[in-house]
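Please look at the sequence and the structure shown here, and then follow the description below.

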Amino acid sequence: MAQKVLTHCRIATMNKGETAYGLIEDGAIVLSDDRIEWVGKASQLPQAYAKAQNVDLGGRLVTPALIDCHTHLVFGGNRALEFEMRLEGATYEEVARAGGGIVATTSATKSATEEELLASALPRLDAFIAEGVTTIEIKSGYGLSIEDEIKMLKVARQLEKERPIKVVTSWLAAHALPAEYKDRDNEYIEEIACEGLRQAHALGLVDAVDGFCEGIAFSVEQMERVFDVAKELGLPIKLHAEQLSNLGGAKMAAERGALSADHIEYLDAAGVAAMAKAGTVGTILPGAFYTIRETQLPPVQALRDAGVDIAIASDGNPGSSPLFSVLLTMNMACTLFRLTPEEALAGVTRNAAKALGLEEDRGTIETGKRADLAVWNIGMPAELSYRIGFNSLHQRIFGGDL
């Protein structure tokens, strides 16, 4: 059993407790293979670890490694032309007629091979890894056919083999309605979203089931049909809900035990209460809020008052949130949504792990959890959210590997 002792460091354990950030001054962490065996003040380090390899961190800050719990990392093409057209005054209809919008991403994703999708996704994944991310969620949702949705998830699984990172996959076929199913949305739900889910699950490609519950996407009742299949297969659920209007999707998902409800700008009191009762995480996505110039703020104070855990995520995608930086996401959550720096860090560690159903294994620094850590060239945890466009990562530790 290989043991290492990290010493001469401040530790933001992110455990809930009496101190902000669960901070331990002059701490030590014992790593045993891929697990945390002990954590505490260096002065209290048990004598049993006296002969273990010592790693002096030079007074740096250690946090749990970062987690992005909501991304659309695998996709074909980009929407830079659409971005430019809108800024030059084109209407949504004009952009759509020019082949923009999700149609453009769907077309590019369908035409790309698995190898091409992998090659385009790797640089985006590397950007996250460079910021201390060790766990990332990746959704399907741009294939909109069984074959192409499965293709996306195969690429997501391959990314985990190409890089030292944990990838959690979500089936998101209920993301948009393809042109060939125009005015046949119920048939799409049954033939693609539900049947495709069964096939993808049989291939071992699905960790969770997601959907877009919105006026421009799918209704609460349609999402319930998808979630019925998820229940049949024993898969956890989550939902894009209340982003542009309040349809009650978050309430429905919470009542079904959802891991998280995401976006939630238009979440009402009934939705907040249902999430609090179920322990459903509220995942807020400042990148999308910023990009589409939304003005309706998510009800952060209501979530706080109800005791709903708040996660934050990049929502990295080619259209509404072309953001591939967790550190910038933290700053935006503080600046746009008025989260505190401690809430922002909890949102990409402890609460992000809970949003993925992984809170028993990662997201905090405590005995028995996986040794996924980030070492930073900073003194105060607030510096992670304070700086804009600056990466202070000194070292990323994945499963105890220094």
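Strand 1 (residues 3-12) and strand 2 run antiparallel and are joined by 7 bridges; two strands are said to pair if DSSP finds at least two bridges between them, and helices (H or I, at least four residues) and strands (E, at least two) are DSSP runs, numbered from the N terminus. This is a predicted model, in which local features need pLDDT of at least 70 and side-chain atom pairs count only at pLDDT 80 or more, while totals for chains, interfaces and linings use all residues. Residues are numbered from 1 along each chain as its sequence is written, and side-chain values use heavy atoms, with hydrogens and water left out.

**The open sheet**

Across from Ile11 stands Ile24 of strand 2. Strand 2 also pairs with strand 3 (residues 35-41), in the antiparallel sense and over 6 bridges, and there Val30 stands opposite Trp38. The hairpin of strand 2 and strand 3 has 2 residues between the strands, and in it Asp33 takes a positive phi near 55°. Because 7 of its 10 residues are buried, strand 2 (residues 23-32) is largely enclosed by the rest of the structure; buried means under 20% relative accessible area, exposed over 50%, and partly exposed in between (1.4 Å probe, protein chains only).

These strands belong to an open sheet of 6 strands, with the order 3-2-1-4-14-15 and mixed pairing. Its edge strands are strand 3 and strand 15 (393-397), each of which pairs on one side only. Further along the order, strand 4 (residues 53-64) and strand 14 (residues 373-376) run antiparallel and are joined by 4 bridges, with Leu61 opposite Trp376 of strand 14.

| Strand pair | Bridges |
|---|---|
| strand 1 and strand 2 | 7 bridges |
| strand 2 and strand 3 | 6 bridges |
| strand 4 and strand 14 | 4 bridges |

**Nonpolar cores**

The largest nonpolar core has 93 residues, and those with the most contacts inside it are Ile136, Leu159, Trp171, Val209, Met223, Met330 and Trp376. A second, separate core of 15 residues includes Cys9, Ile36, Val55 and Val375. Such a core is a set of buried Ala, Val, Leu, Ile, Met, Phe, Trp, Tyr and Cys residues joined through side-chain atoms within 4.5 Å. Not counting residues up to four places away in sequence, Ile136 touches several residues, including Asp68, Leu73, Phe128 and Val168, where contact means heavy atoms within 4.5 Å.

In helix 5, the buried residues include Ile146, Ile150, Leu153 and Leu159. The buried residues of helix 5 pack against several elements, among them helix 3 (102-111), helix 4 (114-129) and strand 6 (133-139). The 17 residues of helix 5 (residues 146-162) should span 24 Å at 1.5 Å a residue, and its end C-alpha atoms are 25 Å apart, which agrees; the expected span is 1.5 Å times one less than the number of residues.

Thr329 lies in helix 12 (residues 326-337) and is buried, with a relative accessible area of 1%. Leaving aside neighbours within four places in sequence, Thr329 is in contact with Pro286, Ile312, Ala313, Ser314 and Leu323.

**Cysteines**

The structure holds 0 disulfides, a disulfide being a pair of cysteine sulfur atoms within 2.5 Å. Cys194 is in no disulfide, and the nearest cysteine sulfur, that of Cys213, is 14 Å away, too far for a bond. Cys194 counts as buried at 2% relative accessibility, and Cys213 is buried with a relative accessible area of 1%.
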